[in-house]
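Hi everyone, thanks for coming. Let me put the sequence and the structure on the screen, and then we'll walk through how it packs.

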Amino acid sequence: MKIKKYKAPSMPEVMKQVRKDFGTDAVILQSRQIKSGGILGLFKKNYIEVVAGYDPEPVKPAKKAAIRKEAPVLKKEMVREEIKDAPRSKEMEQVYKLLEAQSRQLQFRLTPEEQIIYDGLIQQEVLPDIALNIVKEGNDPGTASQEDSSTLKQAVHEKIEKRLEGLELGFTYNHKVIQFVGPTGVGKTTTIAKIAARMQLAENKKVAFITLDTYRIAAVEQLKTYAKILHIPVQVAYNKQEYRKYIEQLQDYDVILVDTAGRNYRDDAYLNDLADWINPDEVTNYLVLSMTAKPKDFLDIYGKFDAIGIHGLILTKLDETEQYGNILNAVSSYSGIRIGYITNGQDVPEDMVDPTIKQLSRFIAGDEQ
Ligand SMILES: Nc1nc2c(ncn2[C@@H]2O[C@H](COP(=O)(O)OP(=O)(O)O)[C@@H](O)[C@H]2O)c(=O)[nH]1
Ligand SMILES: [Mg+2]
């Protein structure tokens with residue numbers, strides 16, 4: 001084999017030289033980007049260095065290798081896709097599910113019915129350990145027949161509802177000042193407007209706004225726009241002193257809804273600031289979390305914010321996902337969780353609902369009736 005080193009400012013230029021010397025049978029043995037020239041380490045120029053080889057009598061590749069290259073590589077996911085796409089009758093669907101379940105039940109010693117529930121929970125992005133726990137607690141799901149899956153459905157609901165028993169529901173608060181905290185873009189400002197409208201219209205409350213989200217001009221303007229439409233006073237606090245001052249000034253109002261900056265929740269300084277600006281005895285904190293968050297992030301965020309004392313959760317963007325496992329993951333991982341509201345759209349004020357256990361169970365079980 002003949003070997004030669006080339007250097008040029010770009011790959012196409014190197015390849016041009018290589019082809020000129022060795023033709024199209026050349027083999028690239030090594031290529032790297034290097035810096036050369038320059039003055040005192042500045043203005044260096046990037047170069048591509050290529051070591052190319054050419055074998056005038058190459059060993060012919062074995063036929064087998066050629067065949068392997070042509071044959072499609074079958075991946076697990078592709079098989080699953082194939083099966084998923086193939087048209088199947090309802091009965092076949094049931095049989096298929098039972099068969100698939102049977103093939104895996106040995107792993108956890110689950111009955112086929114339990115396996116179906118387990119798989120459903122996993123599809124909902126319930127974390128595996130939690131799903132297994134839920135399946136194993138409560139009554140045995142019994143034996144599901146191919147024609148009638150109602151007992152299985154009932155068992156699913158029973159198990160989910162049992163797990164949700166520990167959940168507190170409803171937008172309660174113990175203080176005049178209610179802070180809405182959470183990551184950027186989850187819907188804090190939009191939800192505050194929805195809640196304010198509801199408090200004014202349905203509960204006849206006197207509502208005021210304070211925003212601590214002064215990082216972006218647009219964020220302040222967004223809250224001001226809602227404030228204008230709803231005829232609600234709004235104050236912008238740039239520091240702790242101003243925040244305290246505005247809280248004092250707004251004492252005549254029934255509630256002061258406080259919008260906060262959605263900074264990186266992993267930044268401890270941010271959480272320390274939040275904790276430092278107001279005494280925990282003076283404030284009810286609602287953590288706003290998007291249902292579209294990945295299960296692990298969802299739990300991590302809750303864990304981080306819990307340090308400042310979270311009274312309840314507002315779950316947003318229910319309309320943007322079909323996986324509701326985050327609810328079960330949260331209830332299973334932290335005790336005393338409250339869900340204040342669930343929001344399901346961008347429209348203010350209508351896209352917000354009061355959660356109920358039955359409704360949450362229906363969401364999670366993917367059963368809309
Ligand atoms: N689909 C959907 N979008 C929402 C929901 N709540 C808020 N949004 C949208 O999410 C985006 C960010 O909302 P915003 O209130 O500014 O989030 P913030 O950064 O947490 O204050 C906006 O486009 C909202 O209209 C919801 O429940 N569903
Ligand atoms: Mg905002």
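At what angle do the axes of helix α7 and helix α13 cross? Roughly 45°, with the axes of α7 (residues 150-164) and α13 (residues 325-333) coming within 9 Å. Axes here are lines fitted to C-alpha atoms over the stretch in contact, with angles from 0 to 180 degrees between N-to-C directions. α7 and α13 are therefore oblique to each other, as angles under 35 degrees count as roughly parallel, over 145 as roughly antiparallel, 65 to 115 as roughly perpendicular and the rest as oblique.

A quick note: this is a predicted model, where local features need pLDDT of at least 70 and side-chain atom pairs 80 or more, while totals for chains, interfaces and linings use all residues. Residues are numbered from 1 along each chain as written, chains are lettered from A and ligands numbered from 1 in written order, and side-chain values use heavy atoms, without hydrogens and water.

Back to our helices (DSSP runs of H or I, at least four residues, numbered from the N terminus). I160, R163 and L164 of α7 meet I327, L328, V331 and S332 of α13, contact meaning heavy atoms within 4.5 Å.

Now follow I327: leaving out residues up to four places away in sequence, I327 touches L164, M291, L315, I339, L360 and I364.

I327 also belongs to the largest nonpolar core, of 46 residues, and is among those with the most contacts inside it, as are L121 and F305. Such a core is a set of buried Ala, Val, Leu, Ile, Met, Phe, Trp, Tyr and Cys residues joined through side-chain atoms within 4.5 Å; buried means under 20% relative accessible area with a 1.4 Å probe, protein chains only. Domain 2 (76-164) and domain 3 (168-365) both contribute residues, so this core lies between them; the bounds come from an automatic or database domain assignment.

Terms used:
Helix = DSSP H or I, 4+ residues; strand = E, 2+ residues; numbered from the N terminus. Buried < 20%, exposed > 50% of the residue type's maximum accessible area, 1.4 Å probe, protein only.
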